[in-house]
Amino acid sequence: MNREATGESDYLLEVEDLKVHFPVRSGVFARARNWCKAVDGISIRIRSGETYGLVGESGCGKSTLGKAICKLLKPTSGKIRFDGFDLTSASRKEMQPYRRDIQFIFQDPAESLNSRFSVREIFEEPFVIHKMGDSAERSRKVNALLDKVGLPRSSADRFPFEFSGGQRQRIGIARAIALEPKLIVCDEPVSALDVSVQSQILNLLMDIQSEMGLSYMFIAHDLAVVRVISDRIGVMYLGNIVEEASATELFTNPLHEYTKALISAIPIPDPTFQGERVLLRGDVPSPIDPPPGCAFARRSPIEVSEEVASQPSEYIQASEGHWVEVHPATVRNYDEPKAHPRPTVNPLAEPPEAPNPKLGGL
Amino acid sequence: MAFKLRLNPITIRRLKRFRAIKRGFYAFLALCVASIGSLGLELVANSRALIVSYDGSLSFPTYGGVKLGSAYGLEGDAANTPVNYRELRERFRNEGKGNWVLMPLVEYNPNENNSYEGILRATAPSWDRGHYLGTDTTGRDVLARLLYGFRIAIFFALAFSILVYAIGILIGCLMGYFGGWFDLIAQRFIEIWSNIPFLYTVIIVFSILPLSLGLFSRVTVLLLALVAFSWVGLTYYMRTAAYKEKARDYTQAAIALGASPLRVVFRHILPNSLATIVTFLPFMVASAITSVTALDFLGFGFPPPTPSMGELLKQGTDNLSTAPWIVTAAFISLVLILTLVTFVGEAIREAFDPKKFTLYQ
Ligand SMILES: Nc1ncnc2c1ncn2[C@@H]1O[C@H](COP(=O)(O)OP(=O)(O)O)[C@@H](O)[C@H]1O
Ligand SMILES: [Mg+2]
């Protein structure tokens with residue numbers, strides 16, 4: 001199938017009401033099943049060349065969403081379209097060309113590299129899999145990749161354990177860009193690294209993006225990291241996106257209490273800063289059997305009665321390209337957004353605003 | 001896709017550590033030398049001569065067709081029967097014409113019945129007659145039978161292990177990698193299968209085998225019967241290993257790159273789980289040797305007159321008071337072989353211990 005012909009959409013990636021539920025066995029009897037709703041109805045869109053930042057506490061389903069997009073996990077329901085092509089029902093054969101276009105960078109660089117492979121073998125594998133080039137060309141590509149991620153060419157015949165964490169992540173990045181993908185899901189690529197190395201890796205990722213023009217889905221549990229690199233940011237809470245806006249809008253005008261809590265948790269080096277710390281109650285509830293109604297209500301600083309908490313929330317567009325989950329417990333002045341006439345609850349109905357220019361360094 | 005065992009730094013370090021474990025390493029060398037050396041066993045224990053010098057020309061009768069007496073100038077009946085080289089040696093010596101015969105270390109072949117003073121019976125070890133460990137109840141040389149028995153047992157055990165590994169790894173990998181209904185069905189099958197009593201089945205199989213079946217077919221049937229009841233154990237390990245390795249990030253990265261299941265299994269999962277699996281190999285060899293010895297002892301092993309330790313043990317225990325040398329020799333050699341194999345097993349397990357290779361950052 002001609003992929004160009006089907007790519008009528010503005011978006012590189014469209015995720016529509018995606019659900020990934022894991023069966024959880026409870027008790028001795030395998031029949032009695034619960035579901036861990038790791039991703040529970042997420043819709044996002046990513047434009048070509050854009051960086052979509054995804055933040056949320058650990059365990060809220062970020063990696064699961066990322067892996068489902070790369071088809072490393074089978075979604076329970078929903079649609080993933082890439083370049084207009086529906087990946088959800090694609091067979092392994094049909095997926096093959098898209099494997100070149102979508103890549104994944106893992107959180108733990110040591111785990112993501114086969115310890116029995118030398119760097120050369122790791123870099124050559126993508127070309128071998130896709131039957132590209134002869135051995136001379138492959139070894140040229142190995143050198144080019146090493147140059148690109150700033151590793152000495154002499155690294156080619158070394159093994160992963162001979163490198164530091166940051167260098168290993170460079171190897172992981174090089175492997176991901178080997179096939180010149182259009183989208184890379186970066187799953188907390190710096191959170192396992194020393195702080196001193198984190199900004200180097202972030203800069204490398206941004207350099208690669210401006211050079212190759214690819215899109216990132218950048219996952220982090222820490223808004224500070226996402227802020228540097230993202231055009232749009234989605235805030236995830238317990239399997240759902242609770243607020244989504246451009247990076248500047250989200251930081252200047254956060255609506256959801258959860259977003260406010262995340263922002264206020266960013267350490268600010270400015271002693272004159274007058275912000276107040278938004279504190280959450282309790283722990284993240286388990287995605288297995290989440291409480292009814294609004295998942296966040298029982299942790300929100302806005303205390304509501306159990307009766308109110310168990311009422312469902314709505315996902316609305318508060319302003320152009322700024323989406324938020326509204327519920328008495330999630331936004332201040334709950335009545336206010338209701339006063340405005342608002343579009344039907346479909347985050348995909350209108351395109352969000354154009355990507356923002358990047359913010360400064362960390 | 002070819003599966004290459006790569007010598008990466010981890011493997012090299014493991015092998016170095018294996019070498020450093022002296023007891024296991026020397027046991028391994030000894031077993032290797034003995035097994036490979038046993039391929040040329042005909043040059044060590046044989047009723048055929050190594051070299052015959054007759055009328056100024058040398059001949060090497062060990063391999064090749066049977067020579068008749070006429071080749072060495074024998075007359076009468078002896079001219080048309082296969083040469084008895086021990087007699088030929090005496091004859092040449094008595095003639096004193098400069099002809100000579102060089103016999104191997106052990107001058108007997110394992111299936112040769114040597115009567116002593118006109119009757120076939122067990123005789124005690126005798127240096128003069130060249131029966132260094134005596135003869136068994138039908139006058140066969142015990143040492144020759146032990147040596148040939150070792151060769152058969154060790155290669156049988158190796159063939160057994162290769163088959164068990166191939167089947168166990170294949171099925172275990174499929175179960176762990178694909179999971180789902182294949183895993184379910186295979187698990188149920190294995191549960192049923194491993195409840196079938198092995199010994200009864202072998203006895204039944206051998207009682208319905210036609211007697212006319214050749215030696216080779218019988219050994220093959222025995223091998224397959226043993227394999228059929230032994231592959232199950234490995235699938236547990238392989239299934240778990242494949243399941244675990246598949247979930248790890250490096251495998252996921254390969255899948256994200258579009259690697260085929262075959263590639264993932266053979267290039268990533270197998271090499272990374274082989275270290276645990278390899279440690280079972282010596283113990284599998286040991287159990288195969290024990291099993292065939294036990295079956296031979298019961299009379300359900302290799303068909304007679306195949307030389308074997310089990311058969312000697314049987315004879316020896318039956319004639320414990322009259323011919324104690326038989327059981328002594330068979331017992332000591334069995335213990336020796338199993339001890340060596342176990343030493344190797346221990347050393348491999350120690351050297352390949354994955355705990356020693358965890359990388360901490
Ligand atoms: N393969 C799996 N089987 C069952 N539960 C899983 C699996 N993977 C993840 N989960 C569960 O899904 C939830 C989300 O996990 P994950 O996506 O890894 O979160 P995050 O990346 O945001 O930290 C967690 O509660 C986790 O326990
Ligand atoms: Mg994660």
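Biologist: Which residues lie nearest the centre of the largest pocket, and how many residues line it?

Modeller: This is a predicted model, to start with. The pocket's lining counts 42 residues, and nearest the centre lie A:L73, A:K74, B:Y177, B:F178 and B:K246. Its volume comes to about 1600 Å³.

Biologist: Which helices and strands supply at least two residues each to that lining?

Modeller: From chain A you get β1 (11-25), β2 (33-47) and α3 (92-101). Chain B brings in α4 (142-178), α5 (180-193), α8 (232-247) and α9 (249-256).

Biologist: And what is the lining of the largest pocket by class?

Modeller: There are 19 nonpolar residues, eleven polar ones and twelve charged ones.

Biologist: Let's look at chain B. How many helices and strands does it have?

Modeller: Chain B holds 13 helices and three strands. Its C-alpha trace stretches over about 85 × 45 × 35 Å along the principal axes. Of its 361 residues, 46% count as buried.

Biologist: Which domains does the assignment give for chain B?

Modeller: Domain 1 takes in 13-38 + 144-351, and domain 2 covers 47-103. Taken over C-alpha atoms, the centres of these two domains of chain B are 43 Å apart.

Biologist: Why is helix α10 of chain B called largely enclosed?

Modeller: Count its residues: 13 of the 18 in α10(B) are buried, so the rest of the structure largely encloses that helix.

Biologist: Where does α10 of chain B bend?

Modeller: At B:L270, by about 45 degrees. This helix runs over residues 261-278, and there's a proline, B:P271, within four residues after the bend.

Biologist: Why does B:H131 count as buried?

Modeller: Buried means under 20% relative accessible area. B:H131 has 0%, so it counts as buried. You'll find B:H131 in the loop between β3 (100-102) and α4 of chain B.

Biologist: What makes the pairing of B:H131 and B:D141 a polar contact?

Modeller: The cut-off for the N or O atoms is 3.5 Å. The side chains of B:H131 and B:D141 come to 2.6 Å, and this pair is listed as a polar contact.

Biologist: Why is A:K131 called exposed?

Modeller: Exposed means over 50%. A:K131 has a relative accessible area of 73%, so it is exposed. A:K131 is part of the loop between α4 (119-129) and α5 (135-148) of chain A. Its phi is near 50 degrees, a positive value, and A:K131 is not a glycine.

Biologist: Is B:D55 buried or exposed?

Modeller: Exposed, because its relative accessible area is 61% and the cut-off is over 50%. B:D55 is placed in the loop between β1 (51-54) and β2 (57-59) of chain B. B:D55 isn't a glycine, yet has a positive phi of about 55 degrees.

Biologist: Which peptide bond is cis here?

Modeller: The one from B:P304 to B:P305, with omega near 5 degrees. B:P305 is in the loop between α11 (281-298) and α12 (309-318) of chain B.

How values were computed: Residues numbered from 1 in each chain as written. Chains lettered and ligands numbered in written order. Predicted model: local features only at pLDDT ≥ 70, side-chain atom pairs only at ≥ 80, totals over all residues. Heavy atoms only, no water. Domains from an automatic or database assignment. Bend = angle between axes of the 7 residues up to and from the residue. Buried < 20%, exposed > 50% of the residue type's maximum accessible area, 1.4 Å probe, protein only. 1 Å grid on protein atoms, 1.4 Å probe; cavity = no way out; pocket = protein on both sides within 12 Å on 5 of 7 lines; lining within 4 Å. Points joined across faces, edges and corners; volume = space filled by probe spheres on them. Nonpolar A, V, L, I, M, F, W, Y, C, P; charged D, E, K, R; others polar. Polar contact = N/O pair within 3.5 Å; in protein donor to acceptor, adjacent residues only side chain to side chain.
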